[in-house]
Amino acid sequence: MIQTSGVIICLGYIFGLLFTAVPWGGVWILVLGIVGAILFRRRTTSRQLAQKPENVGSKNKAVPNIWQTTLHPRIWLAAGLVGLLATLYLQWRVPQPGAKDISQFVPPGNSSNQEQLVIVRGEVASNPRLTRSQRGQFWLEATQLDEVKNEKGSAGVPKGVTGKLYVTVPILQATGLYPSQQIAVTGILYKPKAASNPGGFDFQKFLKQEGTFAGLIGRQINVLDQERKWGWWQIRERIVRSQVRWLGVPEGPLVSAMVLGSKAVDLPYDIRDLFVQAGLAHALAASGFQTSLILSVILQLTRRAKKATQFTLGFLGLIIFLSLTGFQPAVLRAVIMGFAALVGLLLKRKVKQFGSLLLAATLLLVFNPLWIWDLGFQLSFLATLGLVVTVPPLVNRLAWLPPAIAALIAVPLAATIWTLPVQLFVFGVVPSYSLLLNVLSTPLISIISIGGIISAIAALIWTEAGSFLAEVLHYPTDWLIKLVEFFSKLPGNSVAVGSISSWQLLVIYLLIILVWLVPWWQRRWWFANVIAIGLVFIPLWHSTNTLFRITVLESGTQPIVIVQDRGTVTVINSGDEGTGRFTILPFLQQQGVNQINWAIATDFQGNESSAWLELLQRLPIRNFYEYSPKPENSIVIQAIQQELQKYQGSYQALAVGQPVKTGSIVAKLINDQLPILQLQILDQNWLLVGNIKSKEVQQLVKSGSLPRPQVLWCAPQSLKDLVIALQPQVAIASSANFDPKALSELNKSQTKIFFTGRDGAIQWTPNGQFEAFIEATENKSSML
């Protein structure tokens, strides 16, 4: 399908895109091309001498075929040049807001909690979906912007705008919307924020990958066009409704997701999270399995027809499937490989799977080079590469098993080998039972996928028939959900090993490639495996046993502090449920934390214990201290105590003045009326002060109840009074916006001021200074 020279050129393009993450990456890829040309020229010269009649011997027969293909040095130079051009091409294709992009009209400093209303008119670009906060979400192609001038809703002069918006509205407002519909949304424009905490979700990066630079928190929608234009969404909606009608929820959406992909179906988040955490996310992504299944069925039904007829019907089947799934990168890759197989069938030529995979990846990345950083594209490509190059040798090594069982084990194992390093780099978590679960669930996934496709085809003809066939899948789908739930509840169902660095990722993939290509490493695959495991766990062990670091997370109004003390982890406060799930847990996973040794909960802003339940469902807590003066918290406390018993953790009420020693830290509440927590950390005195009034501050200072701290955390409204009264070396407040006049007065003092809303998480180590996460991230990005 693709010659060796083409392979080198395609690899040069792909590596050129990857090298954009390296300073002067284009120059480096060109240098590698030049070095390859020099080395290959020498190798070619040696081979030519060895192939002379007088030098031909038995040793040449042992040379692998991969080295016997003659490549001109110009190919390597061309590959280096293509890689250099690829880096420039990606930079050129990076989305940038135009002069009339709607993001240009977001007022400076505008945020989701400012009441500057606007009316945005445009065209709905996607079906509404339900967010985790139970709001409707869709994409809107904006065409006109009106600013609301007063509370009665009168608007100013309309402005013509362009660009796409990420819109969220109350769920009832989004009900009934469909793509291509003309609407007007009244709401608040805002610019997305970058990640504020290590391991946190980068909303700004996510929207930028979609070519979007602003969001809209909608309050009301006015439909301007009631005409329903035809679209693939109608066929997709017909299939989903047919399968959900008799199967119900969550079985119906799960079957639809396994046929059309989770991005095309509004799958409940609890089911989505369950499959992702168990290592079965690929089951929810329509890609290679569904594509090969569709082609197999079409070719089998038309086996007696002409090759041209088979090609035409197969081509139409793949196009229809691609349109229904919504042109996702993983599906596009699978469909292009399917096209290659059809071309080989038409020309009566055998298609090399590796070549077709590489060609598909290159074509997709020429179409959209930004997909090189799309996680779905990366995992799909790597998993397919594993199936192509690693399954055959694994099946050979498992030849002592029946062929069906050997293939059942080899397929998920090969995919895991090639995708696990990227998963560790991004998430830092290993699903412990993923391989076993994949082996056990493959038969169920196959049955559901085949039945789901048959049900979908029937639904297009007669919806009742589609519902009837979908209902037959009730038991397999229910068994699959219960199987995943069973494994998710097993002890140690996921192990956090921490996010690996770029150099660890590169070395691990180098080892995998060596085992794939080099016979010496193939015979010593176990040695490569030991090295890879050591590369992951030795740095983790060293960091865990030597690191002392304090992190103040950006979490709104709650002071959340995490102390890593040479293997002992202390978490102080947890915020609400969303903070626990999207801020604390990702941070702990990135750091390779699998248990919390000490937890201290203080009621700084009201009932904030619900996040502890979220944490306890994922991580054991050994010692839990809580101070909560409000009796309505008793139900939550009882739930916490029940969860603690599962891990044999202890619960104690925290009394005022009671010191709690956690490793190198001594924590103590110093007031029973006001939320004030004192921390003695090594030789530093930290003070966490909740929302108190300036008069109360003055009284506490006069009475000597507030010791002078080196580090102060407080609510923004108390910052000025506390800094003046206590004169700490460092003060941390939660606000993103602060009165400029008051800030200029504070800057005259010797206190260094941080705002987590502006600077992100604040980190400190004994040998370093206080460091703001956002500033450190920006400095790293500017270097790249």
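Biologist: Which side chain does D273 meet in a salt bridge?
Modeller: This is a predicted model, with local features needing pLDDT of at least 70, side-chain atom pairs pLDDT 80 or more, and totals for chains, interfaces and linings using all residues. Numbering runs from 1 along each chain as its sequence is written, and side-chain values use heavy atoms, leaving out hydrogens and water. At 2.8 Å, N to O, the partner of D273 is R132.

Biologist: How many residues apart are D273 and R132?
Modeller: D273 sits in helix α8 (residues 269-278), while R132 is in the loop between β2 (129-130) and β3 (135-147). Helices (H or I, at least four residues) and strands (E, at least two) are DSSP runs numbered from the N terminus. The pair links distant parts of the chain, with a separation of 141 residues.

Biologist: How many salt bridges turn up in the whole structure?
Modeller: The test wants a Lys or Arg side-chain nitrogen within 4 Å of an Asp or Glu carboxyl oxygen. Searching the whole structure that way gives 10.

Biologist: Are α19 and α21 roughly parallel or roughly antiparallel?
Modeller: The axes of α19 (residues 502-517) and α21 (residues 525-546) come within 10 Å, each being a line fitted to C-alpha atoms over the stretch in contact. They cross at roughly 170°, on a scale from 0 to 180 degrees between N-to-C directions. Over 145 degrees counts as roughly antiparallel, so the two helices are roughly antiparallel.

Biologist: Which residues of α21 does α19 meet?
Modeller: Contact means heavy atoms within 4.5 Å. From α19 come W503, Q504, V507, I508, L511 and V515. In α21 they meet W525, A528, I531, A532, L535, V536 and P539.

Notes: Angles under 35 degrees count as roughly parallel, over 145 as roughly antiparallel, 65 to 115 as roughly perpendicular and the rest as oblique.
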